[in-house]
Amino acid sequence: MASVTYKCPNCGGGLTFSPEHQAWECEYCLSLFTEEQLGKFADEQKTTEIPPEAVDEDSDEGGTVIYQCPSCGAEIIAEASTAATYCYYCHNPVVMAGKLTEEFKPDAILPFAIEKEQARQQFLNWAGKKKYVPQGFFTKRGIDELSGVYYPYWLGDFEYEARMEGKGEKVKITRTGKIETTVVEHYAVERQGSFAYNNVARSAFTKIQSKLADGVHPYNMEALKDYNPAYMTGFMAEKRDVESDSMTESVEQELNGYAKQQLEETAPGYNSLRTDTQGRITSTRWRQVMLPIWMLTYRLKGSDEVYYYSVNGQTGTICGKLPLDKKRLALHAGLAALAGGILMVLGGLFIW
């Protein structure tokens, strides 16, 4: 295994990817480097090989792996699925090159487009607009941790053939004087077609965070870049633990729903339409991609409960469950009931 860090050629400081500049930035001398410039001196970057005795042999079963920081030599303990992190001593970003073997190497990556402070502020603005949330929830001090993480996803491109069969009804109502006539016409409806569906996303990891990660979709996949581990500098990353073969059944159900809707749209004019659609995938192409998410941990003052949120690292969409101020809700409900009662009494007096 090997751990890799990207050094600034001007001062030797660690480089991190800047979502604001879409380039690599040195936090010490503030130099900026494009991907092309980074590639020119990438071969000179320092790589440290990790001896076999430093690796937990049970790591593939969910254990931990010990890495050596290329900058200061400190040992870094990470989960077996972690692909990028920080050195907790010298704070240099480290890409765990040993975790991304050819088998697990992504095909593409979607770089972060939202800075950390921007994600923090968007969360506070979002929480501040919600009713019945404890007032103390709107402060930066409550944000315990905000980490940028790349999560692995499978993107599938499919060709799909489907056939729809069903019954349609057209109802015609005519009136002649006082006589109303209803005519119901019954039709056999059949449609078939071939479809192409691209960028069908499926989570490639099973951790509990996957629900929060899925909640901030969709992404603009047109912004995908060819995979370059340098994009992970300054962020953390997870390695996939789900294979694309396990997703066939759920994908077929999703594509069948799309095809059914599209085929029914070609049969307008019916007052009612009942159909059954059957189809099959005729061509499949999977790509593994890394998608950016800010994961936020919030600890409410005076409470031991911890809340977790995710912020889409490209669009800023937020997912998570907010706490409820039950006392405030009960007070407002009581006031509303009281106001309703007073109006009923006044209404009765007015009628009397």
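Strand β10 (residues 108–109) runs parallel to strand β15 (residues 272–299), and two bridges hold the pairing; here strands are DSSP runs of E with at least two residues, helices are H or I runs of at least four, and both are numbered from the N terminus. Two strands count as paired if DSSP finds at least two bridges between them. This is a predicted model, where local features need pLDDT of at least 70 and side-chain atom pairs count only at pLDDT 80 or more, while totals for chains, interfaces and linings use all residues. Residues are numbered from 1 along each chain as its sequence is written, and side-chain values use heavy atoms, with hydrogens and water left out.

**Strand pairing**
- On β15, V289 is the bridge partner of A108.
- β15 also pairs with strand β16 (residues 306–312), this time antiparallel, through seven bridges.
- In that pairing, W294 sits opposite V311 of β16.
- Elsewhere, β2-β3-β4 is the order of an open, antiparallel sheet of three strands, with β2 (15–18) and β4 (32–33) as the edge strands, each pairing on one side only.
- β2 and β3 (residues 23–26) share four bridges, and T16 has E25 as its bridge partner in β3.

**Largest pocket**
- The largest pocket has a volume of about 1100 Å³. A pocket here is an open set of points on a 1 Å grid over the protein atoms alone, where a 1.4 Å probe fits, with protein on both sides within 12 Å along at least five of seven lines; lining residues have an atom within 4 Å of a point. Volume is the space filled by probe spheres set on the points, which are joined across faces, edges and corners.
- Of its 46 lining residues, E145, S147, G148, V149 and M236 are the closest to the centre.
- Strand β11 (residues 143–176) supplies the largest share of the lining, eight residues.

**Around K207**
- K207 lies in the loop between β12 (179–203) and α3 (209–214).
- K207 counts as partly exposed because its relative accessibility is 23% (buried is under 20%, exposed over 50%, partly exposed in between, with a 1.4 Å probe and protein chains only).
- Leaving out residues up to four places away in sequence, K207 touches E79, S81 and E238, where contact means heavy atoms within 4.5 Å.

**Confidence**
- The chain's mean pLDDT (the predictor's confidence in each residue, from 0 to 100) is 81, and 77% of residues reach 70 or more.
- Residues 345–352 stay under 50, with zero contacts beyond four places in sequence.
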